[in-house]
Amino acid sequence: MSDRLCTVLLYSDDPQVRDRMRMAVGTRPAPGLQIEFVDASTYAETIRLVDDYEIDLLLLDGEASPGGGIGIARQIKDDRDDAPPTCLVIARAADRWLAAYAEVDATLMHPLDPVTTGGTVAELLRTHAPA
């Protein structure tokens, strides 16, 4: 049995944050899953990638500026019936209500714990696997 290859879009205006996200997820977060990453540093780039490619999961930085991951998550959920599952990385637990408003599927806290991050990503990819 071969691994399922999944594309995860990493969004942050900060390349170091995207690198930390990539390292926390890893290329094999769970048996049977292999991850390839695409990066976006702006709102427009994120929307273009979601429109043009088959993205299996969005991992969005809620602290990004000027376009935050919360707004991007909400916009994509509002605009698309086939929106990929979305995980939002936040810095304050109090922002979970904003994540709920944005209809994200999961939240993670900065700094990212690799075990929690990999497990959350794997669960979202398995739960939202294409039929």
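**Why these labels?**

Visitor: Why is Asp95 called buried?
Guide: Asp95 has 10% relative accessibility, and buried means under 20% relative accessible area, with exposed over 50% and partly exposed in between (1.4 Å probe, protein chains only). So Asp95 counts as buried.
Guide: One caution: this is a predicted model, where local features need pLDDT of at least 70 and side-chain atom pairs count only at pLDDT 80 or more, while totals for chains, interfaces and linings use all residues. Residues are numbered from 1 along each chain as its sequence is written, and side-chain values use heavy atoms, leaving out hydrogens and water.

Visitor: Where is Asp95, and what does Asp95 touch?
Guide: Asp95 is in the loop between strand S4 (86-90) and helix H4 (96-101); helices (H or I, at least four residues) and strands (E, at least two) are DSSP runs, numbered from the N terminus. Not counting residues up to four places away in sequence, Asp95 touches Glu63 and Ile90, contact being heavy atoms within 4.5 Å.

Visitor: What makes S1 and S2 a pair?
Guide: Strands pair if DSSP finds at least two bridges between them. Eight bridges join S1 (residues 4-11) to S2 (residues 33-40), so they pair, and they run parallel. Leu5, for one, has Gln34 in S2 as its bridge partner.

Visitor: Which residues make the contact between H2 and H3?
Guide: From H2 come Tyr43, Thr46, Ile47 and Val50, and from H3 come Ile72, Gln75 and Ile76.
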